Number of protein chains: 2
Amino acid sequence: MWELDRHSGKPLYEQIADHLEQRISYGEFPPGSLLPSERKLADQLGVNRSTVILAYAELRAMGIIESRSGSGTRVSTSKWGATPKHTPNWSRYAEGGSFLPNLPFMRKIREALNQHPSLIDFASGELAADLAPMEEIAELMSEHRYTSYLGYDNPQGYIPLRQALVSYLNTYRGIQTAESSILITSGSQQSLYLITQCLLSPGDAVAIEDPSYCYSLPMFQSAGLRLFRLPVDQHGICPDDIRSLYKKHRIKMVFTNPNFQNPTGTVLSAERRKQLFEVTSELGLPVVEDDPFGLTAFEDAPPMPLKSMDVNGSILYIGSFSKIAASGLRIGWMVAPRSIVERLADARQQMDFGLSVIPQQVAAQFIKSAYFLPHLERLRTQLHFKRDLLIESLQKELADLVTFTPPRGGLHLWCHLRPQVHDGKLLEESLKRGVVFVPGSVYGSDSGFVRFTYARAKTENIGEGISRFAEALRELTS
Amino acid sequence: MWELDRHSGKPLYEQIADHLEQRISYGEFPPGSLLPSERKLADQLGVNRSTVILAYAELRAMGIIESRSGSGTRVSTSKWGATPKHTPNWSRYAEGGSFLPNLPFMRKIREALNQHPSLIDFASGELAADLAPMEEIAELMSEHRYTSYLGYDNPQGYIPLRQALVSYLNTYRGIQTAESSILITSGSQQSLYLITQCLLSPGDAVAIEDPSYCYSLPMFQSAGLRLFRLPVDQHGICPDDIRSLYKKHRIKMVFTNPNFQNPTGTVLSAERRKQLFEVTSELGLPVVEDDPFGLTAFEDAPPMPLKSMDVNGSILYIGSFSKIAASGLRIGWMVAPRSIVERLADARQQMDFGLSVIPQQVAAQFIKSAYFLPHLERLRTQLHFKRDLLIESLQKELADLVTFTPPRGGLHLWCHLRPQVHDGKLLEESLKRGVVFVPGSVYGSDSGFVRFTYARAKTENIGEGISRFAEALRELTS
Ligand SMILES: Cc1ncc(COP(=O)(O)O)c(C=O)c1O
Ligand SMILES: Cc1ncc(COP(=O)(O)O)c(C=O)c1O
């Protein structure tokens, strides 16, 4: 990010004007495009609004921008030797295409975190720096010399990583598979994207959990899918509903996150698992099992995936390193019948030509290394500790106002708020106080729920974060 | 890949039967799915067909597979305790979705290279191991300690890489831009994918070169685009045709690869560049400039991109490390107006959550390092040398049968064959002789053209490869 130089002799408004002129001349803001409002730019740069007013006046005097009341400030179309028709109407292109943008709340949260990295972050579903095995990875990388040929990779993924996963899946997830049944992806996210884009057609109906991580992903709507809800209670989804959804809507697939579900933290009970297998095998219905959290169980033995009991071959299994090691590795995998793996590998090749070999090498080294198990143990202990800290803080600050079931694994706590508050206003008030979380409506729930991620925030900030959140909540309810 | 153990006491057919049983029980071949034909499996494993016949008989006796005459060998549905309706009809899912599979020729080539890595490879559009800066990258990686936080990356890409690219683009490509106008992608491939998916809508018309790399990508059809052709002659595309295409079909975008075009090797002439700017700015038409080869110019100064003269802001610029460093890094970039960068970063985040940070760090280190320029010089010299070797061999073996214009940069030579031969048969005959190339029809040309990549094959194999290709051609024409 560009920053003002407060020690230079040059007035701030001139620095801003010069900087904007440069960015305009570089084509970042083409002729006719809208500039940020004075208030917004002042906010972004941390200056008074009057400073921005002066900078814009300067640019206007040079003929570089134009302001019309009511329609904001735009890059002028005449100064740059172009009449409007000469520059493509980029905003029309940016609005085109069938791919839907991220949800407004998600974009707002991302923008806020980008601009204010010091926010106390209960929103990002990932591990804090001190939970991720950074030292171990650095160590492994420094022991290895990366001289192997860096050509286009095998479209199914780097073979030694698939081999390492065969034994990982067997040891830790009770899944017996072969390297030819594994597809390496850029995390669970890409696995879900490939499934929704390549195995389903617009108009197809699918069942997803309610609430569910899937609701936060407009990719399901972008693929033209019709979404039907399977309510989640403390035992997970109720499989009975699947039969009626199938009868009514001919659902083509069921998406589930059975272990420490995002956002509720629930584990699907043994009874329900049995029912799920019965109904889906009766109907010949594929189940997509998203299993990123299984190994994070705090005290109990990690719950096994459905895939480990999949005698009929009806499960597409999705795994990832994001929640047990580092989301920035971008390594996930899918276990599926050969025909599906081949189809998805072929499509993925056209989309991005596969993953870089280097992070795949690192991931393979890491799971085979002696670092892996001790890391996992430490991770489970520390997540447990952070969860407890979050719960204590909630009880201290909001005992009368919130209810929740303590999760026994995973990264998130799903919290019901007693007072009736407006999702967006609560986020707004929290942001003002330097705290960010994800409103429950993002996951498809009615308002009145909040997802707090305890894995990402610094340990020493959790108490402070909840106390500020409590302030925000009281502000809206008093 | 699983391999037979020819030294073990166990008969080969038993090894095969055991291996298949295991793969079937792991779910790779679900009940009811088709197994490879006896001939194909024998080929893959390098055994006699009779060995496979014995192995299949064994499995049949165990009730694991069933063969019905005319419909091949399938995994049996009864043995596994499931009636047919119990297992999802995976093949119907594999055929579903709106995303088209790769072209049959491309799949055939990929499969052949996978199974026979010793093929002489004139098909893969990438650098041979000795042209890629493997030692330099290993050196840089061993100098650095990768301890930085590996969280979800900025959706626009790693900031230090974008900063490094600002100066790279300025120094080497005459492009002035800012880090906020750059989007890091998984190679040019993902840039093209994002543009076709997110900026264009089904039914939109676009112009592409003819022949063109784009024809090899069903992604254009998958996005529902209507493709119109701009014929390429020795000076590149003729921009006059753009106006008539616009009038007739309201084309929404023009895709061009002006420097050492894939597959023809042509550089768009100065005159034509001027015309292209005139007509597209008159029509307000965006141009997607794919520029992976510019820096490979053998002797002349590298041709500059259109983007360096883009006063009206009508160019979406796409670059990549694949053809100048290593395709396995999977690092590309796009320079575009802010609204477009934001739109595509948002969509990409939903598709794969961005790239791994590690290869982005490596790429940033590499272009800033003292290794970069000497590598580029060496690459240009060696590509030149390989091109000459290919030309000599063609002249020696096929002087009377082929014509071509020697490319002055890039990785490919586009070759016209005098004898009328069938594309597919020629590929078949060449494969039998251990040589692979890409038939011209893949790029949209009439049959009678071949793309030879001289960058990928080992120097010592180029002559031998062409001599075997000549044999294949003669086989079909004598
Ligand atoms: C249930 C679930 N699935 C998938 C993902 C995507 O994770 P990744 O692509 O990093 O593996 C997440 C991340 O929040 C998740 O919670
Ligand atoms: C013209 C052109 N564009 C794009 C690509 C894709 O390359 P990458 O995604 O590796 O940058 C290629 C590769 O062959 C190409 O030749």
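Between chain B and chain A there are 53 residue pairs in polar contact, both residues being at pLDDT 80 or more, where a polar contact is a pair of N or O atoms within 3.5 Å, one of which, within protein, must be able to donate a hydrogen and the other to accept it, residues adjacent in sequence counting only if both atoms are side-chain atoms. The side of chain B that touches chain A draws at least two residues from each of several elements, including helix 5 (104–115), helix 8 (187–198) and strand 10 (315–320), helices (H or I, at least four residues) and strands (E, at least two) being DSSP runs numbered from the N terminus. Helix 12 of chain B gives the most to this side, with ten residues.

The model is predicted, so that local features need pLDDT of at least 70 and side-chain atom pairs count only at pLDDT 80 or more, while totals for chains, interfaces and linings use all residues. Residues are numbered from 1 along each chain as its sequence is written, chains are lettered from A and ligands numbered from 1 in the order in which they are written, and side-chain values use heavy atoms, with hydrogens and water left out.

The size of an interface is often given as the accessible area lost when the parts come together. Here chain B and chain A bury about 9,100 Å² between them, 53% of it on carbon and sulfur atoms, the buried area being the accessible area (1.4 Å probe) that two parts lose on being put together, summed over both. In terms of contact (heavy atoms within 4.5 Å), 108 residues of chain B meet 107 residues of chain A.

Six salt bridges run between the two chains, each being a side-chain nitrogen of Lys or Arg within 4 Å of a carboxyl oxygen of Asp or Glu. R145(B) pairs with E135(A) at 3.1 Å, N to O, and R145(A) pairs with E135(B), the closest N and O atoms being 3.1 Å apart. The latter pair crosses from the loop between helix 6 (134–143) and helix 7 of chain A to helix 6 of chain B. R145(A) is partly exposed at 38% relative accessible area, on a scale where buried means under 20%, exposed over 50% and partly exposed in between (1.4 Å probe, protein chains only).

Over all chains, the search finds 50 salt bridges. Within chain A, R433(A) forms one with E471(A), the closest N and O atoms being 3.0 Å apart; because R433(A) lies in the loop between helix 15 (423–432) and strand 14 (435–436) and E471(A) in helix 16 (residues 462–477), the pair ties together parts that are 38 residues apart in sequence. R433(A) counts as buried at 18% relative accessibility, whereas E471(A), at 45%, is partly exposed. Both belong to a network of salt bridges that also links E429(A), K432(A) and E475(A).

The side chain of R162(A) does reach the backbone oxygen of G157(A) at 3.1 Å.

Finally, the count of disulfides over all chains is zero, a disulfide being a pair of cysteine sulfur atoms within 2.5 Å. The sulfur of C214(A), for example, is too far for a bond because the closest cysteine sulfur, in C198(A), is 16 Å away.
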